[in-house]
Amino acid sequence: MTVSVTIGEIGAALRGKRLSARELTEETLRRVADANPRLNAFLTVTEAEARVRAAAVDDDLARGIDRGPLQGIPIAHKDNIFTRGVRTTSGSKIFADFVPEYDAAIVSQFNDAGAVMIGKTGLHEFAYGVTSNNPHFGAVRNPWDLERIPGGSSGGSAAAVAAGLIPLATGTDTGGSVRIPASFCGVVGLKPTYERVSRRGVMPLGLTFDHVGLLARTARDVALGFGIIAKHSSGYMPPGHADLRGMRIGVPENFFVDRIAPEVMLSFRAAVQTAAALGAHVTEMRLPDPEALNVVGRIAQLSEVSALLARYLGRRGDFGPDVLTLVEQGRLIPATDYLNAQRLRRVLARDFSRIWTHLDCVMTPATPMTAPGIGETSVEFGSFTEDVRTAATRLVRPFNVLGWPALALPCGFSSAGLPIGLQLVGPPQQEDTLLQAGAALEDALGIAGRRPAV
Amino acid sequence: MTNWKALAAAIEPPVPEELLPDVIPALEKLEAAFRPLERTIPPDTLPWFGPEDDA
């Protein structure tokens with residue numbers, strides 16, 4: 001038995017006594033030890049704790065104590081999520097030796113569900129960037145091409161899942177930090193509705209933009225994890241043969257189709273056709289002004305992050321250059337601009353919300369390009385050159401500003417063998433719709449099982 | 001438009017001069033996009049507090 005199967009299959013093997021949690025954990029630790037020197041996906045591996053937890057799971061199962069579908073499942077937490085007694089760096093030199101005294105709420109929820117923490121995953125410094133090319137802990141590498149970035153900021157979580165080291169990992173998403181790495185690494189990433197998942201014990205970044213999310217290989221695996229951590233969870237699991245009959249899907253004909261790499265657009269269009277073939281009512285539509293959302297989001301986020309991080313500027317040399325630049329920019333935003341950005345956010349949210357009177361979800365590309373190379377700072381779309389950060393965030397950040405749930409999942413591969421991702425967006429609290437659509441699409445597209453050779 | 005350079009020198013601690021070429025152009029671009037939008041905000045608009053508060 002390996003961990004390159006779904007959470008449901010692993011759970012069935014554990015309950016059927018074909019596999020013990022101890023065996024699964026040892027196999028997982030062996031894989032991590034083998035692959036991590038190449039991927040740098042894990043900053044910390046919690047071997048001893050994992051063995052203790054796995055033994056407890058086996059004891060529970062032997063006594064007939066069933067804690068649900070996550071019992072015995074290996075999991076990794078992004079290293080800006082507090083873990084009691086385990087170093088939590090936030091990818092920062094400033095927090096390199098920080099050891100929390102308590103678990104984040106989601107860590108407690110997964111622990112209570114019997115999940116086995118394998119370790120903490122690498123990230124962009126302070127989760128404030130899209131490359132996970134960390135100046136203090138080294139570059140996290142994309143399992144599909146080790147010379148490319150996994151995306152960020154939850155790059156280690158995405159790389160670990162994509163490589164088949166673990167079936168489930170946590171992430172955080174302030175401006176796309178779950179969905180960008182999901183897209184670049186060919187995994188499924190969920191950014192839930194704002195405040196649907198507790199942020200207690202998660203290092204804050206953008207105070208009104210932070211979302212806690214999940215990364216897994218399939219939408220159904222994400223659904224299992226979401227059922228553990230979601231407030232007011234419905235326990236929804238997409239059926240074995242999910243379809244899209246009657247689902248009203250909007251496909252924007254503005255903004256989300258501009259400056260998209262041709263191969264990305266081709267895969268995206270094919271996925272839209274697949275959705276229609278599965279019974280969805282697909283409608284081309286226009287969204288009010290997504291670029292305005294990005295402008296508002298960047299102003300407010302710059303200000304919010306600097307409110308948190310400016311106190312550490314006495315240690316300027318301990319920041320990486322890109323994060324330092326952003327922190328300095330945020331300090332210069334006047335309070336009046338911050339507040340007017342937040343007022344404009346409400347106006348825009350009201351305008352955008354009108355689409356939900358006639359749609360169930362919206363489908364867009366997740367990122368306009370596949371994973372750039374490590375160290376690349378710009379990307380070209382025809383004659384247009386754009387910096388990697390702006391390009392990677394422009395299709396995903398709008399939904400942090402709106403606080404709507406969004407799911408990224410793979411929809412194809414480029415000629416270079418790199419994953420291409422799409423994004424499904426729904427109205428607040430409608431994650432179940434996205435998981436249903438995601439499961440139906442991944443069943444039909446048949447690419448969720450494709451894995452890199454790491 | 002805002003004199004970002006003067007602002008950068010006036011705050012405490014000041015933004016180091018060598019960082020200004022990286023810090024200021026992005027702010028200028030952002031401000032140019034933001035000012036026209038800002039003028040469209042209806043006077044009775046409150047800040048955003050969450051997606052359930054949109055209506």
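This is a predicted model: local features need pLDDT of at least 70, side-chain atom pairs count only at pLDDT 80 or more; totals for chains, interfaces and linings use all residues.
Local features require pLDDT of at least 70 and side-chain atom pairs pLDDT 80 or more, whereas totals for chains, interfaces and linings use all residues. Residues are numbered from 1 along each chain as its sequence is written, and chains are lettered from A, with ligands numbered from 1, in the order in which they are written.

**The sheet of chain A**

Chain A contains an open sheet of 11 strands in the order 1-3-2-6-8-7-14-15-11-9-10, and its pairing is mixed. Strand 1 (42-45) and strand 10 of chain A each have a single partner strand, so one side of each is left without a neighbour in the sheet. From one strand to the next, the twist averages 30°. Helices (H or I, at least four residues) and strands (E, at least two) are DSSP runs numbered from the N terminus. Two strands pair if DSSP finds at least two bridges between them.

| Strand pair (chain A) | Bridges | One bridge pair |
|---|---|---|
| Strand 2 (residues 74-78) and strand 3 (116-121) | 5 bridges | Lys78(A) and Thr121(A) |
| Strand 2 (residues 74-78) and strand 6 (residues 168-173) | 2 bridges | Ala76(A) and Ala169(A) |
| Strand 9 (residues 248-252) and strand 10 (residues 281-285) | 5 bridges | Pro252(A) and Met285(A) |
| Strand 9 (residues 248-252) and strand 11 (residues 361-365) | 2 bridges | Ile249(A) and Cys361(A) |

In strand 2 of chain A, 5 of the 5 residues are buried (20 or more other C-beta atoms within 10 Å of the residue's own, with C-beta atoms placed from the backbone), so this strand is largely enclosed by the rest of the structure. From strand 2 of chain A, the chain passes through helix 4 (residues 105-112) to strand 3 in a right-handed β-α-β crossover. A crossover is right-handed if the path from the first strand over the helix to the second runs clockwise, with the strands pointing away from the viewer. A right-handed β-α-β unit is also made by strand 9, helix 8 and strand 10 of chain A.

**Helices of chain A**

Helix 3 (residues 47-62) of chain A lies across strand 1 and strand 3 of chain A, at about 155° to strand 3. Angles run from 0 to 180 degrees between N-to-C directions, and axes are lines fitted to C-alpha atoms, for helices over the stretch in contact.

The axes of helix 8 (residues 262-277) and helix 14 (residues 431-445) of chain A come within 10 Å and cross at roughly 105°. The two helices are therefore roughly perpendicular (65 to 115 degrees) to each other. Helix 8 of chain A contributes Ala271(A), Thr274(A) and Ala275(A) to the contact, and helix 14 of chain A contributes Leu441(A), Ala444(A) and Leu445(A). Residues are in contact if their C-beta atoms, placed from the backbone, lie within 7 Å. By class, this helix contact has 5 nonpolar, 1 polar and no charged residues. Ala, Val, Leu, Ile, Met, Phe, Trp, Tyr, Cys and Pro count as nonpolar, Asp, Glu, Lys and Arg as charged, and the others, Gly among them, as polar.

**Asp145(A)**

Asp145(A) is in the loop between strand 5 (138-139) and helix 5 (155-162) of chain A. Not counting residues up to four places away in sequence, Asp145(A) touches Ala371(A) and Leu418(A).

**The contact between chains**

The contact takes 29 residues from chain A and 27 residues from chain B. Helix 1 (4-10) and helix 2 (20-38) of chain B are the elements that give two or more residues to the side of chain B that touches chain A. Helix 2 of chain B supplies the largest share of that side, 9 residues. The residues of this side of chain B divide into 21 nonpolar, 2 polar and 4 charged.

Conventions:
Angles under 35 degrees count as roughly parallel, over 145 as roughly antiparallel, 65 to 115 as roughly perpendicular and the rest as oblique. Two residues are in contact if their C-beta atoms, placed from the backbone, lie within 7 Å. A residue is buried if 20 or more other C-beta atoms lie within 10 Å of its own, exposed if 12 or fewer, and partly exposed in between; C-beta atoms are placed from the backbone.
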